[in-house]
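Subject: Handover of a structure

Dear colleague,

Please find below the structure I am handing over to you. My findings follow directly after it.

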Number of protein chains: 2
Amino acid sequence: MSDKGAKESSGADFLQLDIRDAPSGGRAEWLAGRLRRAIADGRLPVGSRLPATRVLAAELRVSRGLVTEAYQRLTEDGHVAGRGRNGTVVVAAPALPITAARHPSPAADRLFAAPPGDDVFDAVRSVPARIDLSPGVPDLTAFPRAAWLRAERAVFGELVPSGFAYGDPRGTPELRRAVAGWLARYRGIRANPDEVLVVAGTAQALALIGQVLREDGVEEIAVEEPGSLGVRQHLQRQGLRTPPVPVDGQGVRVSELRAEGAVLLTPAHQFPTGVVLGGARRRELMRWAGEGGLIVEDDYDAEHRYDRPPVPALRAMLPERVCYAGSVSKVLAPALRTGWVVAPPRYRDALVAAKRFADLGNPALPQLVLARLMESGELERHLRQLRHRHRRRRDAMIVAIRDHLPGAVVHGAAAGLHLLITFGGPDGTAAARRRKEFADTELAAASLARGVKVHPLSWHRQRPGPPGLLLGYAASPATAVAEGVATLGEVLRELGGVH
Amino acid sequence: MSDKGAKESSGADFLQLDIRDAPSGGRAEWLAGRLRRAIADGRLPVGSRLPATRVLAAELRVSRGLVTEAYQRLTEDGHVAGRGRNGTVVVAAPALPITAARHPSPAADRLFAAPPGDDVFDAVRSVPARIDLSPGVPDLTAFPRAAWLRAERAVFGELVPSGFAYGDPRGTPELRRAVAGWLARYRGIRANPDEVLVVAGTAQALALIGQVLREDGVEEIAVEEPGSLGVRQHLQRQGLRTPPVPVDGQGVRVSELRAEGAVLLTPAHQFPTGVVLGGARRRELMRWAGEGGLIVEDDYDAEHRYDRPPVPALRAMLPERVCYAGSVSKVLAPALRTGWVVAPPRYRDALVAAKRFADLGNPALPQLVLARLMESGELERHLRQLRHRHRRRRDAMIVAIRDHLPGAVVHGAAAGLHLLITFGGPDGTAAARRRKEFADTELAAASLARGVKVHPLSWHRQRPGPPGLLLGYAASPATAVAEGVATLGEVLRELGGVH
């Protein structure tokens with residue numbers, strides 16, 4: 001046997017595949033399943049290359065199209081990714097069957113035992129889990145690595161040396177122009193590039209807006225209840241109080257907002273309930289803002305929607321009273337730390353000064369690369385691909401919830417990267433009485449002890465309320481999503497028949 | 001003539017070169033000069049490609065080595081740069097002879113007419129200049145574009161998808177490890193990677209340190225006099241007072257520091273005077289810190305030194321009382337917005353919290369690329385190349401000062417990216433009397449009106465003092481440096497015989 005032959009057959013031999021084991025009519029799915037197992041048990045570790053389709057097809061004596069189809073399924077799962085000349089590479093392992101202990105680990109226990117502190121999200125991240133259903137993360141296996149590198153090469157080919165010097169604290173003209181175009185196309189916002197302030201993600205947007213409001217004499221900013229714990233922490237860090245205002249099925253209750261106050265809203269897909277701000281509420285809110293109210297619009301995942309038409313940003317309707325913040329964290333990757341603020345005219349200069357003294361502006365290179373991806377249509381293509389994948393994962397989650405958590409009520413699944421489940425029926429019923437008997441933090445702790453990471457709804461509340469869980473579906477393959485939900489069902493039954 | 005021939009000859013024809021015009025014995029310099037002129041007058045615009053050495057050599061009927069030597073000179077000047085397969089590309093035009101008006105432009109006038117405001121550096125940057133001698137910028141034509149792209153490709157090849165998610169606010173483990181190694185090799189600092197906090201440049205380091213000191217009850221931090229205007233602005237923004245402490249030929253006067261106070265120092269190469277903190281002063285400072293003083297060490301350009309041995313960082317000697325800040329702004333590029341803080345143990349957690357709520361951490365990709373450049377030795381190679389170029393440019397500046405500004409006193413030229421010139425002799429002399437008659441801001445304004453950008457020393461003072469100019473030499477080709485200084489000489493004579 002030649003060296004070449006040995007090398008090629010070694011590419012598939014270890015998989016121990018025999019096509020005669022495959023069911024007729026489902027051979028691609030069978031092959032995909034075998035490869036998934038090899039990835040899960042480490043025979044094909046993350047970073048390794050799948051055999052070339054030609055090689056594997058020849059060995060199994062099947063058509064190359066069949067192998068390509070199997071690889072395609074793994075790609076859609078998010079287990080493997082095409083790397084151009086480098087072939088098809090394993091990028092994420094599927095969940096293994098549960099083998100870990102069924103008792104909470106000390107780290108998981110501590111995490112959910114006390115009210116969440118300033119470092120709660122760092123702590124959550126640092127606890128390992130087989131299946132991570134944390135909300136707010138898109139499919140990261142899909143990050144367009146090749147397109148990013150191509151765009152960066154093009155940027156380097158054109159960049160004048162002064163592009164490496166200190167720059168405009170507002171961001172590069174290229175990205176501000178691209179963001180203005182993006183906001184017009186996707187969010188109905190008309191903004192001049194000069195009005196766009198590039199920032200280090202929504203976290204920095206909140207820090208800068210918080211600083212500027214404090215300087216302006218603002219002492220509190222109302223937040224949605226339930227509403228994002230992270231957002232609340234970032235605002236409080238700037239010395240702002242964050243009084244809660246209830247959210248119902250139509251969104252925030254505008255009638256409970258303080259006249260001439262400030263409020264932070266997530267109107268397109270309320271975090272965490274997923275409610276879309278209703279038409280009557282929008283009009284009511286516009287009136288409130290017209291009479292002196294100020295809105296900070298956190299448009300954190302508005303680009304992701306599945307079963308409903310797009311909802312224009314509030315900013316599109318009331319530029320004088322809405323401070324808009326968006327980012328690429330949910331469209332590309334949180335690790336890029338890139339977002340933008342479009343502020344009302346009266347706060348614009350103060351925000352630029354705050355950004356200048358925060359860090360003199362975002363790094364230039366990633367801004368220029370991102371601007372290219374936006375202007376070339378690559379980012380749009382990427383978003384379409386993400387939507388397709390996310391929808392499949394969301395559907396898998398809904399099916400799994402129906403099968404394994406039959407008593408759970410699903411909220412906000414028409415858009416975004418996560419959904420919310422709550423338990424029990426309306427107040428006064430037996431289910432409502434039972435639901436008071438368990439804390440969602442316990443459920444999250446027990447679930448994490450079984451290797452499935454979820455966020456308890458109570459973290460995102462300032463007032464007592466029914467328990468619930470936030471389940472992110474976008475970042476995990478459909479198989480992992482389904483298995484994670486199945487594990488939740490087991491945990492819930494073990495915790496004592498909440499249903 | 002074939003197509004190929006036509007194309008090749010067009011590569012050099014427009015240069016109108018005749019080798020018979022060249023002086024014997026200086027043909028490479030002659031060729032470099034002709035090419036410089038073609039770049040300066042736009043026949044070879046920035047971004048265009050030089051003819052292949054083989055092509056130009058054949059046309060001129062000279063050896064390929066001679067052409068290569070000429071290209072090498074242009075590369076060292078910073079006018080052109082090798083771009084691998086893309087050949088040799090024009091990256092910066094040399095200064096053209098003065099054709100602009102000799103009267104201050106309105107923008108330049110405004111810039112220097114009033115005391116510098118919060119946006120002074122943005123304003124300086126936005127005024128165009130033929131020759132930019134602003135301090136604090138390294139040779140940016142040398143940015144290792146190819147190495148950066150190679151490292152980024154390698155990063156993408158290995159990065160697991162979770163690398164694109166939210167990360168540790170302290171920075172990636174890879175960069176923290178690489179920075180710890182860099183600090184040990186270059187600055188004599190022993191730090192555990194866990195002690196390294198990656199930040200968005202020194203600007204953010206100052207913002208975070210300022211916040212944390214304020215939270216700890218610190219209300220003022222002494223600064224060097226003269227000392228960096230930018231540093232002072234960043235500290236004041238955090239609500240800190242910045243009382244000045246004089247700097248003399250041995251560095252900061254430790255005896256004038258308030259007991260148990262805080263001070264920001266630039267000990268390796270004082271900004272702007274370039275003084276190195278003397279041995280006796282170091283010992284005095286250590287005593288002061290040991291008795292409760294706190295030092296913020298701004299090690300902004302310590303990697304650049306020419307005629308003297310390296311000076312270890314203060315942090316190396318007193319880890320409990322020194323909060324150290326460094327960055328790649330002067331080693332690679334300010335536009336990367338990447339730096340680090342190594343804090344005393346008591347401030348470490350508070351700084352991590354401040355960074356978390358500032359922006360959740362630096363972007364991951366540039367961190368990973370930079371870590372590779374540091375660990376592979378590429379950054380070290382780059383630094384060696386920079387030193388060589390910067391030294392030539394510094395030498396050119398010193399020669400030009402001797403020729404065109406014979407009365408100027410040069411300070412701090414043994415290290416860094418800029419030098420300081422002051423005028424006139426010791427107090428009481430006629431020169432000292434005359435020097436009080438002109439403001440360095442007027443000199444800077446008149447110089448900018450002639451296309452040469454410099455910073456007046458008075459910007460970097462809180463108390464009155466002799467006039468002076470900060471002249472950055474690192475970012476401009478030697479020819480531009482020399483011409484800029486010559487223009488300064490003319491301006492000075494026109495302003496009325498200060499010398």
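In this predicted model, strand β6 of chain A (residues 244–248) pairs with strand β7 of chain A (residues 251–252) in the antiparallel sense, over two bridges. The two strands form a hairpin, with two residues between them. Within this pairing, Asp248(A) stands opposite Gly251(A).

β6(A) also pairs with strand β5 of chain A (residues 222–225), here in the parallel sense and over three bridges. Glu224(A) stands opposite Val245(A) of β6(A). Strand β6(A) is mostly covered, as four of its five residues are buried.

A further sheet in chain A is open and consists of four strands in the order β12-β13-β16-β15, with antiparallel pairing. Strands β12 (408–411) and β15 (455–456) of chain A stand at its edges; each has a single partner strand, so one side of each is left without a neighbour in the sheet. For β12(A), strand β13 of chain A (residues 418–423) is an antiparallel partner over four bridges. There, Ala408(A) has Phe423(A) in β13(A) as its bridge partner. In general, strands of a sheet pair through backbone hydrogen bonds, either parallel or antiparallel.

On the surface, a patch of positive charge brings together Arg85(A), Arg153(A), Arg85(B) and Arg153(B). One of these residues, Arg153(A), lies in helix α7 of chain A (residues 145–158). The relative accessible area of Arg153(A) is 40%, so the residue counts as partly exposed.

Yours sincerely

Conventions. Residues numbered from 1 in each chain as written. Chains lettered and ligands numbered in written order. Predicted model: local features only at pLDDT ≥ 70, side-chain atom pairs only at ≥ 80, totals over all residues. Heavy atoms only, no water. Buried < 20%, exposed > 50% of the residue type's maximum accessible area, 1.4 Å probe, protein only. Pairing = 2+ DSSP bridges. Patch = residues over 30% accessible without salt bridge, like charges linked within 9 Å, V, L, I, M, F, W, Y side chains within 5 Å. Areas by Shrake-Rupley, 256 points an atom, 1.4 Å probe, with all protein chains shown as cover. Salt bridge = Lys/Arg side-chain N within 4 Å of Asp/Glu carboxyl O. Lys, Arg positive; Asp, Glu negative; His and termini not counted. Charge placed at Lys NZ, Arg CZ, Asp CG, Glu CD.
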